[in-house]
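The following note sets out several points for a colleague who is examining this model. Please read it alongside the sequence and the coordinates.

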Amino acid sequence: MGVVSADIGLGMPDFRAAERTFQLLTQVAGRAGRGALPGTVLVQTINPEHYAVRLAAAQDYQAFYEKELQFRKFMHYPPFSAMANVIVRNEKQEDALRMSAELERHLGGAQENMKIMGPAEAPYLS
């Protein structure tokens, strides 16, 4: 079995990117082989030293969990904080950017412990 560009998801602007990459790679590895026959998984990556890739190859769930939790704590990501994603849509990009900037000004002074990131274009909409 093989995974081409296994680390492409690591480039996504999402704090869960490493978790999703680890999950994908361990899932593929878990499906390799049948019964008593061992399987082989080939992983193509340009970032073989990334902890998600390295620990998935080692099937080290505990080490991944600890490393990911440490990263999220350092970056103040969930579960150490709460996040909200606000998407502003408009047929005209300049109108959406204007509304986003207006929303940022409105929310900016809401609470001192609130950090606003963006506005920025969404890489994809789901």
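**Salt bridges, a surface patch and a buried serine**

1. R16 has a relative accessible area of 33% and is therefore partly exposed. The model is a predicted one, and the remarks below should be read accordingly. R16 is paired with D14 in a salt bridge, in which the closest N and O atoms are 3.0 Å apart.

2. D14, the acidic partner of R16, has a relative accessibility of 16% and so counts as buried. The cut-off that matters here is 20% relative accessible area, under which a residue is called buried.

3. D14 also meets the side chain of R20 in a salt bridge, with an N to O distance of 3.0 Å. R20 has a relative accessible area of 40%, which means that R20 is partly exposed.

4. Taken together, D14, R16 and R20 form a network of linked salt bridges.

5. How many salt bridges does the structure hold? The total is five. Among them is the bridge between R72 and E68, whose closest N and O atoms are 3.1 Å apart.

6. Why are R72 and E68 separated by about one helical turn? The two residues lie four residues apart in helix α3, and therefore about one turn of the helix separates them. Both R72 and E68 are buried.

7. Helix α3 spans residues 61–75 and includes M75. At 34% relative accessibility, M75 is classed as partly exposed. M75 also belongs to a nonpolar surface patch with F71 and F74, and the accessible area of these three residues together is about 310 Å². Helix α3 thus holds the R72 and E68 pair as well as M75, a member of that patch.

8. Is S100 buried or exposed? Its relative accessibility is 15%, so S100 counts as buried. S100 lies in helix α4, which covers residues 93–108. Leaving aside residues up to four places away in sequence, S100 is in contact with V88 and P119.

Note on methods: Residues numbered from 1 in each chain as written. Predicted model: local features only at pLDDT ≥ 70, side-chain atom pairs only at ≥ 80, totals over all residues. Heavy atoms only, no water. Buried < 20%, exposed > 50% of the residue type's maximum accessible area, 1.4 Å probe, protein only. Contact = heavy atoms within 4.5 Å. Patch = residues over 30% accessible without salt bridge, like charges linked within 9 Å, V, L, I, M, F, W, Y side chains within 5 Å. Areas by Shrake-Rupley, 256 points an atom, 1.4 Å probe, with all protein chains shown as cover. Salt bridge = Lys/Arg side-chain N within 4 Å of Asp/Glu carboxyl O.
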